[in-house]
Structure formats: structure tokens, C-alpha cells
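Me: Could you walk me through the strands and helices of this model, one question at a time?

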Amino acid sequence: MIASRVPLACLGGLLLACLCGCDEGSGGAPTATAQSTEAQPTRRGKAEASALDTPAPTESGPAEATAAGSTSELVALDLGLTLDAVTRATPGNPRGVKPPHLREEVKREPFMVPKGVANVALYQPVTCSEKRLFAGDLDQLTDDIKQSGKFDFVELDTGLHWVQIDLGQVRAIHAVAIWHYYKNPTIYQDVIVQVADDQAFRQNVRTLFNNDHDNSARMGTGKDTAFYTRWWGELVNARGPDGAPTRARHVRVYTAGGMEGEPVRFVEIEVYGM
Amino acid sequence: MAEERLCRRDFLRRAGIACGVAALTLEERTLLAAQKAGAAPPKEDKSAALPMGKIGKLNVSRMICGGNLISGYAHSRDLVYVSRLMQEYNTEKRVLDTLELCERHGINTVLSDPWDKPRTILNRYWKERGGKIQWIVDSRPDPKDVKPKIKMAIDAGASAIYVNGGWAERLVKQGKVDALAKMVDFIQENGLPAGIGGHLLDVPVACEEAGVKADFYVKTLHSRQYWSSAAQREHDNIWCRKPAETIAFMKTVTKPWIAYKTLAAGAVNPTVGFKYALQGGADFLCVGMFDFQVAQDVKIVQGLFKRGIQRERPWRA
């Protein structure tokens with residue numbers, strides 16, 4: 001039974017050592033620029049990578065995490081990825097066109113954060129670009145449920161859309177973790193993660209991640225890599241080159257549809273900070 | 001049929017032994033590795049209890065475990081095999097396990113009919129598992145002699161009793177609201193909270209007009225925003241035909257309200273359905289759940305309360 005379910009696409013994976021994660025994007029440098037159609041430089045830590053490069057080195061290590069002057073103990077960020085917390089995905093990867101900047105999946109190294117960093121997006125209000133959702137309720141994006149079953153996602157239309165979380169106050173953000181719908185592995189286009197000081201997203205807008213390689217979203221060309229949506233989520237490093245967390249109140253995640261025309265679907269967004 | 005549940009862990013363990021690790025997909029190997037690494041079972045946050053309300057003297061969790069899954073009614077529209085599938089899956093052992101899971105997650109009350117199967121299971125549960133779950137019994141007393149059926153429920157261990165929805169609808173249609181009042185009186189004389197059920201809004205309307213002194217209502221509430229609600233010919237697909245009118249009327253009712261069929265028997269997203277019912281004025285949600293749904297459903301309800309529930313009807317329990 002199992003052998004018959006192993007598609008050819010997975011044979012390449014058999015050559016890899018036991019994997020436990022996927023390399024997240026390199027993250028983007030916060031840029032103090034208003035939203036515009038100008039090319040926006042994204043954040044660059046030491047772990048700059050593209051799909052064509054060799055696997056990215058680890059994200060900022062212990063020294064950088066404390067570069068802001070904190071001497072607090074560092075712990076590996078725990079995203080709560082227990083066996084019961086996630087959904088088993090449909091085996092195999094889709095066979096359609098792959099974008100040129102699709103990254104190679106490698107093990108995600110532990111992301112070290114100061115002790116006390118927690119998901120500050122939990123139960124916070126969410127807004128979005130659509131007036132009416134095709135499925136789900138926006139509360140589902142911050143309810144700590146990372147399953148990807150039939151009723152576990154919020155669906156917007158195809159095309160570029162965004163969801164935005166109000167953290168309630170300015171927070172020192174170390175990382176943003178995003179789960180798009182992953183039961184069927186999907187490559188979503190134009191994933192852009194930004195933060196701002198105001199609800200209207202005009203003040204002090206900074207880009208943390210941008211994998212829009214052809215500027216189709218008209219928000220600037222991004223250098224980050226495309227990825228398959230997986231149960232381990234996409235972890236975006238929100239720290240600056242000096243290792244300091246980004247301070248912001250509002251977090252927005254843009255996504256255009258999937259490469260196969262899939263509508264935009266989100267399962268959960270977590271913002272790790274203090 | 002083996003009673004053990006073939007969970008993901010078992011599946012991976014057997015798959016690994018039978019076919020060798022190399023034959024597994026990447027994801028299965030990843031999950032297997034996590035299992036071998038001694039991934040800890042999910043922690044239960046005992047501090048995140050379910051909010052509670054009161055029905056008479058009973059403290060009742062805002063989420064009540066529905067009994068159809070115990071009794072075997074699946075409301076599966078035209079999928080004729082689903083009820084049988086549910087009964088095969090929900091063996092006695094599994095139901096006992098589910099009740100235990102419910103209590104562990106803060107659900108302290110189950111609502112079901114008093115026939116043999118739930119009666120046997122609940123008594124086993126209290127005796128063998130030491131469970132404390134309260135039991136709201138769905139009763140169909142004979143209007144000519146209300147006592148036997150009500151006494152049966154009391155003797156079986158009921159914590160509260162209500163008149164079954166379909167039963168109450170029939171009596172209301174026949175103009176026998178006074179019979180409902182007698183049933184309520186007898187239940188209350190025996191020291192238990194007494195309720196009246198209904199799918200149709202006609203039932204609470206008639207009871208309020210007649211001044212029936214029930215302690216609570218059990219009334220369906222779900223939105224019509226699901227595919228099979230629009231079926232031209234009804235076939236076990238809809239239980240609240242007038243949700244807006246129900247919400248509007250229940251605003252005038254001061255008795256506690258247990259809303260059931262809030263997910264339209266599985267057709268509605270739980271977050272959407274629970275939110276709709278609580279915002280619409282329900283004091284309690286009665287939800288039929290499989291064991292694999294309990295944790296997530298409780299988490300959803302806890303989250304809704306933590307965010308704050310905006311509603312016009314005051315909490316009546």
C-alpha cells in the first residue's frame with residue numbers, strides 16, 4: 001500500500017538524509033519606505049539565498065540575536081508542530097510549471113530567540129483585502145490551529161490579496177511564521193510580508209520578505225525564494241542585520257494565487273515577539 | 001473489527017515495519033523521525049478551561065457534547081452509508097474514550113436520548129471510568145401519562161431533562177402546549193431542571209405565549225450559508241429554517257438557550273458555526289463530535305471567548 005503511493009517525484013527525496021524542515025526564506029531587511037511601485041530592497045541577513053544557490057546557511061546565530069544589547073538566554077523557537085497539530089498532506093508535489101526561484105528543500109535550522117518570545121498574534125484581530133471571504137472566518141488565522149483540512153483555512157479569491165494582523169501594540173518582532181493551505185502542496189506567487197506602524201499601512205512600512213521575482217505585484221522585485229507550502233510553515237526572519245527585532249504593530253502578508261491557479265488560502269499566521 | 005484506533009502513529013509504525021523506511025514519502029519519513037525522536041504528546045492546557053454557565057443549579061460548560069454520535073444518527077443527507085460508518089467507528093470503548101476526552105478538555109455535560117445504548121454507556125462511564133460528566137436527557141413523555149418516561153430518565157442518572165424537539169413540535173401543532181407544561185412540572189417536582197426542545201421556532205413561541213415555566217430551551221440555530229441548505233426538497237439537510245427570526249425572538253426570552261445543530265450536522269465550518277450561534281444569542285452550544293474533533297472544537301470555542309463575543313442578547317445563563 002505504501003509503495004504504491006510513492007510517486008516518482010518523491011524518489012529524489014529518498015536521497016536526502018532524514019529531514020525535518022524546509023529552509024525558510026532569507027528574510028528581508030526592513031526598509032523605511034512607503035508602499036510604492038519602486039523596487040523595494042528587502043532585508044538581508046547573512047543568510048541570503050535563492051533557489052539557484054546552495055542551501056542557505058543558518059539564520060542569525062546567537063551573537064546576532066543578542067546584538068540589540070539583550071543578554072537573555074536563547075532558546076530554539078518552538079512552533080508547536082506536534083503530530084496532532086498538523087495535517088498529513090497529499091503525497092507528492094504538483095507537476096505543473098515551477099518558478100525559476102523555487103528553493104531546494106533542506107532542513108530548517110533551529111531559529112534561536114530570547115526566552116520569553118511568544119506568539120503575540122494569538123487571538124488578535126485580522127483584516128483582509130476582500131470584502132467577503134469565499135470560505136472560513138478571519139479569526140481562524142490567529143487561533144493557534146494549524147490543521148489544513150476542509151474547514152481549516154480562509155479562502156480569498158485568485159489574484160493578489162493580503163491579510164493583516166493588528167498586534168494591539170508595538171511589538172519587538174523576531175519572526176513571522178506563515179501557514180498557507182498545505183494539504184495539497186502549493187507554490188503561491190508573490191508572497192510579501194510587511195510591517196507598519198498604522199492600520200492603514202502608510203507609516204513606516206518595512207518589508208521582511210518578498211519572493212515576487214518579476215515584480216508582478218508592483219511592489220518591487222523581491223529576492224526571496226519560492227516554496228512549496230508545507231506543514232512546517234514558512235518562517236520569516238524579522239530581525240535586522242544587527243540582529244535586533246523589528247518593532248511594529250501591524251503585520252501584513254500578501255499572497256497571489258497558486259502557480260496552478262489556486263485561490264489564496266491561509267491557515268495560520270504567527271508573529272513571534274515580545 | 002479491532003477497536004483500536006488506527007492513528008497516524010500506528011499507521012506510520014506499521015508502514016515502516018512492513019515496507020521499510022525507504023519506501024515512505026518524504027513527509028511520512030519526517031513524521032516518523034519526529035515520532036522516533038520521542039516527540040512529546042500534545043500538552044493539555046488545564047488552565048484554559050471552558051467558560052461555564054448555569055441551568056437551574058447545574059454548572060454547565062458552554063460547550064456540551066452532543067449525543068447523536070453515541071446513538072448513531074448521522075444526518076448524512078443522501079449518503080446512506082454514513083450512519084452505519086459512524087456506528088461502526090463509535091464502538092462502546094471509543095465512546096467511553098470520547099467522553100473522557102471531553103471531560104479532560106473541560107466539557108462537563110453530554111446531551112442525548114435515554115435509550116439503551118447511551119444509558120448503558122453513560123452508566124459504564126460513571127462506574128468504570130470514574131467520570132463525572134452530567135447528562136441532559138432528551139425525553140419523549142407520553143402526554144397521557146408523562147411519568148414513566150421521565151422517571152426512566154431520572155433513574156438512569158439524568159442531571160436535567162428536556163422534551164425532545166420533534167416531540168414538542170408535534171404537541172404544539174396539535175395544540176397541546178398544556179401537555180408540555182405538565183411534563184415540565186413533573187420534571188421540576190423531581191428536583192431537576194426542565195427544558196423544551198424544538199427545531200421549529202413555533203415551539204418556544206408557543207411556550208412563551210402560554211407561560212410554560214421551563215428552565216431552559218434547546219433550540220436549533222445555524223445559518224443557511226451552506227450548500228445543502230438550498231436543496232429544493234428537504235432530506236435531512238436543514239434544522240433551522242428561520243435563523244434570523246430565531247435570533248430575533250430569542251432576544252426576548254430570558255431562559256437559558258442551548259443551541260444545537262450549530263454546524264448543520266457537519267456542513268458548516270466550526271469557527272463560523274460556533275461564532276454565529278454565540279453571537280446570535282445562544283448561551284450554550286450542543287455539538288456532536290468524534291474523538292478527533294474534540295480538542296480542536298474546544299480550542300475554537302475557547303478562542304472565541306478570549307476574543308470576546310459581540311452579541312445583543314444578554315447572557316441568560
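Me: How many bridges join strand S3 of chain B to strand S10 of chain B?
Reply: This is a predicted model, where local features need pLDDT of at least 70, side-chain atom pairs count only at pLDDT 80 or more, and totals for chains, interfaces and linings use all residues. Residues are numbered from 1 along each chain as its sequence is written, with chains lettered from A and ligands numbered from 1 in the order in which they are written. Strands here are DSSP runs of E with at least two residues, helices are runs of H or I with at least four, both numbered from the N terminus, and two strands pair if DSSP finds at least two bridges between them. S3 (residues 63–66) and S10 (residues 284–287) of chain B run parallel, and the number of bridges is three.

Me: What do strands S3 to S10 of chain B form?
Reply: The order is S3-S4-S5-S6-S7-S8-S9-S10, with parallel pairing. From one strand to the next the twist averages 25 degrees, taking axes as lines fitted to C-alpha atoms (for helices over the stretch in contact) and angles from 0 to 180 degrees between N-to-C directions. Together these eight strands make a closed barrel.

Me: Which helix lies across S5 and S6 of chain B?
Reply: S5 (residues 134–139) and S6 (residues 160–163) of chain B pair in the parallel sense over four bridges, and B:Ile136 faces B:Ala160. The helix across them spans residues 147–156 and runs at about 160 degrees to S5(B). That helix is H7(B).

Me: Which strands do the buried residues of H11(B) pack against?
Reply: In H11 (residues 243–250) of chain B, B:Thr246, B:Ile247 and B:Met250 are buried (20 or more other C-beta atoms within 10 Å of the residue's own, against 12 or fewer for exposed and in between for partly exposed, with C-beta atoms placed from the backbone). They cover an arc of only 95 degrees, taken over the directions from the helix axis to the C-beta atoms, so they sit on the same side of H11(B). On the other side, B:Ala244 and B:Glu245 are exposed. The buried residues pack against S8 (216–220) and S9 (257–260) of chain B.

Me: Are H9(B) and H10(B) roughly parallel or roughly perpendicular?
Reply: H9 (residues 177–189) and H10 (residues 202–210) of chain B pack at about 80 degrees with axes 10 Å apart. B:Val177, B:Leu180 and B:Ala181 meet B:Ala206, B:Cys207 and B:Ala210, contact being C-beta atoms, placed from the backbone, within 7 Å. Angles under 35 degrees count as roughly parallel, over 145 as roughly antiparallel, 65 to 115 as roughly perpendicular and the rest as oblique. The pair is therefore roughly perpendicular.

Me: How many helices and strands are in chain B?
Reply: Of its 317 residues, 45% are buried. The tally for chain B is 13 helices and ten strands.

Me: And how many helices and strands does chain A have?
Reply: Chain A has 274 residues, of which 47% count as buried. Its elements, from the N terminus on, run α-α-β-β-β-β-β-β-β-β-β-β-β. That comes to two helices and eleven strands.

Conventions:
Two residues are in contact if their C-beta atoms, placed from the backbone, lie within 7 Å.
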